[in-house]
Amino acid sequence: MSRIGKLPIKIPSGVNVSEKDGVITVKGPKGELTQKVNPDIKVKVEDGTLTVSRPSDSISHRALHGLYRSLLNNMVTGVSDGYRKQLELVGVGYRASSQGQILELSLGFTHNIYLELPADIKLETKMERNKNPQIILESSDKQLLGQICAKIRSFRMPEPYKGKGIKFAGEIIRRKSGKSAAK
């Protein structure tokens, strides 16, 4: 039995979980999320807990069992607490600003990069003196938040020689020595 799949999910107060035609809907104070579930996987809502079960021990059922349990747990956590990611821009002249849902990045290219974010994501930028500019993203959807962070990070990946680029707050970039250290 899957160690992750068999764990029950506790539903906090204020969160409502419903199932209709293989689609699970989770509503909470931070929003509403839906997930289509494979018809072989059974989801039960009882006494404030959510359990996921599978019909057999085949490889595909075992894989789906843990997957859907993790997805549903992320949905419940997202609508109750939400998720938050913080990105740092490391480099001379790197700037970030926001107007509504449009993020403007100045990353050393000849042009600024404009990225329009979905309405589900709350955007905030910080520019403080003698500190790296920061982009703070909040959402109830963990998948969407991770995808947007990966997109922003792909504009200027952190490089190992000078450490410049867009990185997560608290991330440690493994540094390499340059040519002069080889002599």
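The legends below walk through several close-up views of this structure.

**Before you start.** This is a predicted model, in which local features need pLDDT of at least 70, side-chain atom pairs count only at pLDDT 80 or more, and totals for chains, interfaces and linings use all residues. Residues are numbered from 1 along each chain as its sequence is written, and side-chain values use heavy atoms, with hydrogens and water left out.

**View 1. Strands β2, β3 and β4 form an open antiparallel sheet.** Helices (H or I, at least four residues) and strands (E, at least two) are DSSP runs, numbered from the N terminus. Two strands count as paired if DSSP finds at least two bridges between them. The order here is β2-β3-β4, and the edge strands, β2 (16–20) and β4 (31–36), each pair on one side only. From one strand to the next, the twist averages 15 degrees. Look for the five bridges between β2 and β3 (residues 23–28), which pair in the antiparallel sense. Another six bridges join β3 to β4, and these two strands also run antiparallel. A hairpin connects β3 to β4 through two residues. Val26 is a handy landmark: Val26 is the bridge partner of Val17, and Val26 also stands opposite Leu33 in β4.

**View 2. Helix α1 lies across β3 and β4.** This helix covers residues 59–80 and runs at about 170 degrees to β4. Axes here are lines fitted to C-alpha atoms, for helices over the stretch in contact, and angles run from 0 to 180 degrees between N-to-C directions. Contact means heavy atoms within 4.5 Å.

**View 3. Thr25 is a buried residue in strand β3.** Is Thr25 buried or exposed? Its relative accessible area is 15%, so Thr25 counts as buried. The cut-offs are under 20% relative accessible area for buried and over 50% for exposed, with partly exposed in between (1.4 Å probe, protein chains only). Leaving aside residues up to four places away in sequence, Thr25 touches Asn16, Val17, Ser18, Glu32, Leu33 and Thr34.

**View 4. Another open sheet has the strand order β1-β6-β5.** Its three strands pair in the antiparallel sense. At the edges stand β1 (9–10) and β5 (42–46); each has a single partner strand, so one side of each is left without a neighbour in the sheet. Strand β6 (residues 49–53) is joined to β5 by five bridges.

**View 5. Asp47 and Asn130 are loop residues with positive phi.** Most residues other than glycine have a negative phi. Asp47 has a phi near 50 degrees and is found in the loop between β5 and β6. With 82% relative accessibility, Asp47 is exposed. Asn130 has a phi of about 60 degrees and lies in the loop between β11 (122–126) and β12. Its relative accessible area is 78%, so Asn130 is exposed too.

**View 6. Helix α2 has a buried face.** The helix spans residues 142–154, 13 residues in total, and reaches 18 Å from its first C-alpha to its last, close to the 18 Å expected at 1.5 Å a residue. That expected span is 1.5 Å times one less than the number of residues. Which residues of α2 are buried? They are Leu144, Leu145, Ile148, Cys149, Ile152 and Arg153. The arc is that of the directions from the helix axis to the C-beta atoms. An α-helix has 3.6 residues a turn, so residues three or four places apart point the same way. Turned away from the buried side of α2 are the exposed residues Gln143 and Gln147. The cover over the buried residues includes β7 (83–90), β9 (102–106), β10 (113–116), β12 (134–139) and β13. At the start of α2, a side-chain oxygen of Asp141 comes to within 3.3 Å of the backbone nitrogen of Gln143.

**View 7. Phe168 sits in strand β13.** This strand covers residues 165–168. Phe168 has a relative accessible area of 26%, so Phe168 is partly exposed. Not counting residues up to four places away in sequence, Phe168 touches Lys85, Gln86, Leu87, Cys149 and Arg153. Phe168 and Ile135 are 33 residues apart in sequence, and their C-alpha atoms are 9.4 Å apart in space.

Terms used: A polar contact is a pair of N or O atoms within 3.5 Å; within protein, one must be able to donate a hydrogen and the other to accept it, and residues adjacent in sequence count only if both atoms are side-chain atoms.
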